[in-house]
Amino acid sequence: MENIIQSQIVQFNRMYKAYDDIYQNAAKKFNMPKLSLWIIYVLRQNSVCTQKDLVEQLYYPKQSLNSALKSLEEKGYVVLELSENDRRSKLIRLTENGIVFAKDTVDKIIQAENDAFAKLDDSERKTLFDLFDRLSSVLREEMGKVE
């Protein structure tokens, strides 16, 4: 039984890495780092966010996000503004150039995702989400026991 489970874990990890590689290749296709792609992706879903929002949504370290944001800001794709509500945080927005860039890059990825998910029926999508959520939950619990 343990050999079967180990084999399935290896198979799942390969599938997961192959899925992640799809986004890595998309980023390469558009000549951008994968983290920059994800930042712009989040900003297309939410017109404004904070660095804390990005950390919570993307699961990247704050330092990595800082570097990527600095690069995107230097290219004129994002602007960071002080928040009126919380002077400790900065609001991140796409600039007009960033919006144009997103339309030529990230929006195409979002459309490909939409097309791919549309090829799954409601039941398949629900099963996918339920199982992945369940696996993430029990794996997080088991990893918490690792010393």
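**View A. The exposed and buried sides of helix 4 in the predicted model.** On the face of helix 4 that is turned away from its buried side lie the exposed residues Gln63, Lys70 and Glu74, as seen here in a model that is predicted. The buried residues of this helix are Leu65, Ala68, Leu69 and Leu72. They lie on the same side of helix 4 because the arc they cover around the axis is only 100°. The elements that cover these buried residues include helix 2 (34-45) and helix 3 (51-58), together with strand 2 (78-82) and strand 3 (90-94).

**View B. The span of helix 4 and the glycine that follows.** Helix 4 comprises 13 residues, 62-74, and its first and last C-alpha atoms are 18 Å apart, close to the 18 Å expected at 1.5 Å a residue. The helix is followed by Gly76, which has a positive phi, near 80°.

View C. Most residues other than glycine have a negative phi. Asn31, in the loop between helix 1 (2-29) and helix 2, is not a glycine and yet has a positive phi, near 55°. Tyr59, which is found in the loop between helix 3 and helix 4, likewise has a positive phi without being a glycine, with a value near 60°. The relative accessible area of Asn31 is 70%, so Asn31 is exposed; for Tyr59 the relative accessible area is 70%, and Tyr59 is therefore exposed as well.

**View D. The crossing of helix 5 and helix 6.** Two packed helices are described by the angle between their axes and the distance between the axes. For helix 5 (residues 96-104) and helix 6 (residues 106-118), the axes come within 3 Å and cross at roughly 40°. Helix 5 is therefore oblique to helix 6, since an angle counts as roughly parallel when under 35 degrees and as roughly perpendicular from 65 to 115. Ala102, Lys103 and Asp104 of helix 5 make the contact with Val106, Asp107 and Lys108 of helix 6.

View E. The side chain of Lys126 is joined to that of Asp130 by a polar contact of 2.6 Å. Gly98 is 28 residues away from Lys126 along the chain, and the C-alpha atoms of these two residues are separated by 34 Å.

Definitions and conventions: Residues numbered from 1 in each chain as written. Heavy atoms only, no water. Helix = DSSP H or I, 4+ residues; strand = E, 2+ residues; numbered from the N terminus. Expected span 1.5 Å × (residues − 1). Buried < 20%, exposed > 50% of the residue type's maximum accessible area, 1.4 Å probe, protein only. Arc of directions from axis to C-beta. Contact = heavy atoms within 4.5 Å. Polar contact = N/O pair within 3.5 Å; in protein donor to acceptor, adjacent residues only side chain to side chain. Axes fitted to C-alpha atoms, helices over the stretch in contact; angles between N-to-C directions. Parallel < 35°, antiparallel > 145°, perpendicular 65-115°, else oblique.
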